[in-house]
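Here is a friendly note to read alongside the model. Have the sequence and the 3D view open, and try to find each part as we come to it.

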Amino acid sequence: MLKVYKYRIYPNASQRQAFTSHFGCVRWVYNWALERRQSHYEEKNTTLSRRELQDELVALKKKLSWLRNVNIQSLLATLINFDIAYKRFFKKQAKFPRFKSKYDGRQSYQCPQHVELDVDNKLINLPKIKCIKIKLHRKFLGEIKTCTVSRTPTQKYYISILVSTPETEPVAYKVVPDKTLGIDLGIKDFVITSSGDKEPNHKYLYKSQRRLKSAQRKFFKKVKGSSNRAKARNKVAKVYEKLTNQRRDRAHKVSARLVYKSHDTSFAIEDLNVQGMMKNHKLAKAIGDCGWHFFIKALQYKSRWSGKNVIMIDRWFPSSKTCSQCSNVKAKLSLSTRTYECEQCDMVMDRDVNAAINIKKVALLQIGPGRPECKPVDHAMAGTAVSSLVTHGAKQEAATRA
Ligand SMILES: [Zn+2]
């Protein structure tokens with residue numbers, strides 16, 4: 001089974017400098033590849049293959065001395081990532097790859113090989129950068145496949161290690177109706193289940209959101225290029241990091257409770273195309289602030305590790321407007337209406353619980369005998385970071401821009 005473990009690392013000044021060169025060089029290679037492919041297409045109307053790009057890059061490396069100071073494997077991994085991003089665009093799975101900037105908040109690069117961990121001395125060795133202090137807050141068993149080094153906007157360094165563990169993936173439970181839980185994601189309450197449980201949206205999150213807004217306002221008021229603006233940018237990054245950590249923490253706690261502490265073996269949830277919703281939905285702000293996406297990912301990979309199922313239901317199913325008892329669909333249901341009252345069968349129920357029950361029903365129909373082709377577990381969605389690394393380790397083909 002492939003698992004990703006993430007650790008904080010504490011590079012010294014010269015190691016930090018080496019990381020900066022690596023971030024810079026992989027960024028340069030990505031942008032170079034994008035530019036090469038675009039200009040080649042304009043001139044010759046054909047696409048440069050990854051192989052051709054790779055040969056050009058190897059030749060370039062001999063000429064450009066500054067490229068020699070970084071790990072060649074990392075540069076080649078970048079080309080693979082670029083190629084995947086490019087192909088994803090043509091498969092209509094992603095936007096066209098954009099040029100990367102050193103002002104992008106998070107910087108990262110991959111080490112596909114030759115990573116050694118010295119557990120006793122709490123050090124990690126990467127190609128070209130040795131003896132980096134690492135905080136091993138949890139142990140793992142297995143063989144290291146690949147690593148990704150990243151730096152946050154607040155200048156913290158992390159390493160994500162993809163490990164091939166000796167455990168085998170558990171066989172998934174059969175989906176049975178009385179052990180399936182419908183989950184609705186809301187704004188007033190974060191999570192509402194078909195059995196009536198609710199996880200409220202906590203006050204501390206609102207507090208952090210307010211802090212973030214105020215920091216952003218101050219940032220935009222500062223003169224461009226000034227040192228005050230740089231200071232304000234750091235402030236925004238810090239507040240943002242805190243809010244993200246709070247959301248992640250909550251996502252982990254709620255998903256852990258659902259997966260590890262409940263008797264339910266399948267979870268039904270709406271496949272939120274949050275990005276699409278954010279474009280044209282009045283609730284854009286609230287949705288952007290909820291951290292649903294991260295929660296779904298956490299629920300998926302925890303379920304996968306314990307043999308439980310996550311059933312994603314169709315994106316635009318009107319779960320709130322439908323009566324869970326008689327399937328009558330209301331023409332209108334305003335957000336302020338907290339209770340669902342059915343005009344056909346007289347059912348009265350909390351609106352979110354009604355929605356969660358509908359989600360469960362639809363999921364069970366979806367995987368029922370009528371639709372045998374539907375897989376109950378959506379492994380492909382099990383976390384962008386995880387799945388991209390998994391692909392990378394397995395096939396040496398990775399896509400990461402998480
Ligand atoms: Zn009804």
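1. Strands here are DSSP runs of type E with at least two residues, helices are runs of H or I with at least four residues, and both are numbered from the N terminus.

2. Before going further, a word on the source: this is a predicted model, in which local features need pLDDT of at least 70 and side-chain atom pairs count only at pLDDT 80 or more, while totals for chains, interfaces and linings use all residues. Residues are numbered from 1 along each chain as its sequence is written, and side-chain values use heavy atoms, with hydrogens and water left out.

3. Which strands pair with S1 in the antiparallel sense? One is strand S7 (residues 157-164), joined to S1 over eight bridges; there, Tyr5 has Ile161 as its bridge partner. Another is strand S5 (residues 129-135), with three bridges to S1, where Arg8 is partnered by Lys135. Two strands pair if DSSP finds at least two bridges between them.

4. S5 also pairs with S4, again in the antiparallel sense and over three bridges. Leu123 stands opposite Lys133 of S5. The two strands S4 and S5 form a hairpin with two residues between them, and Lys128 in the turn has a positive phi of about 75 degrees.

5. Two more backbone angles in this region deserve a look. Most residues other than glycine have a negative phi, and most peptide bonds are trans. Lys122 is not a glycine, yet its phi is positive, about 55 degrees; Lys122 sits in the loop between strand S3 (116-118) and strand S4 (123-126). Cys131 is also a residue other than glycine with a positive phi, near 55 degrees, and Cys131 lies in strand S5. Lys122 is partly exposed at a relative accessible area of 46%, and for Cys131, also partly exposed, the value is 46%. (Buried means under 20% relative accessible area, exposed over 50%, and partly exposed in between, with a 1.4 Å probe and protein chains only.)

6. Now find helix H8 (residues 292-305). Its 14 residues reach 20 Å from the first C-alpha to the last, close to the 20 Å expected at 1.5 Å a residue; the expected span is 1.5 Å times one less than the number of residues. Is H8 mostly covered or uncovered? It is mostly covered, with 11 of its 14 residues buried, among them Trp292, Phe295, Leu299 and Tyr301. After H8 comes Gly307, which has a positive phi near 75 degrees.

7. Lys253 lies in helix H5 (residues 227-261) and counts as exposed, at 54% relative accessibility. Lys253 and Phe295 are 42 residues apart along the chain, and their C-alpha atoms are separated by 9.5 Å.

8. Which residues coordinate the zinc ion? They are Cys323, Cys326, Cys342 and Cys345, each through its SG atom, at 2.2 to 2.3 Å. (Donors are N, O and S atoms within 2.8 Å of the metal, or 3.2 Å for Na, K and Ca; water is not among the atoms, so sites may look incomplete.) The angles between the four donor atoms run from 107 to 113 degrees, so the arrangement is tetrahedral; four donors count as tetrahedral if all angles lie between 85 and 135 degrees.

9. Along the chain, the zinc donors follow the spacing C-x2-C-x15-C-x2-C. Cys326 is in the loop between strand S12 (309-313) and strand S13 (339-341), and Cys342 is in the loop between S13 and strand S14 (348-350), so this pair ties together parts that are 16 residues apart in sequence. Cys326 is partly exposed, with a relative accessible area of 29%, whereas Cys342 is buried at 5%.

10. Finally, step back to the whole chain. It has 10 helices and 14 strands, and buried residues make up 45% of its 402 residues.

Conventions: Four donors count as tetrahedral if all angles lie between 85 and 135 degrees; four count as square planar and six as octahedral if opposite donors are over 155 degrees apart and all others between 65 and 115; anything else is irregular.
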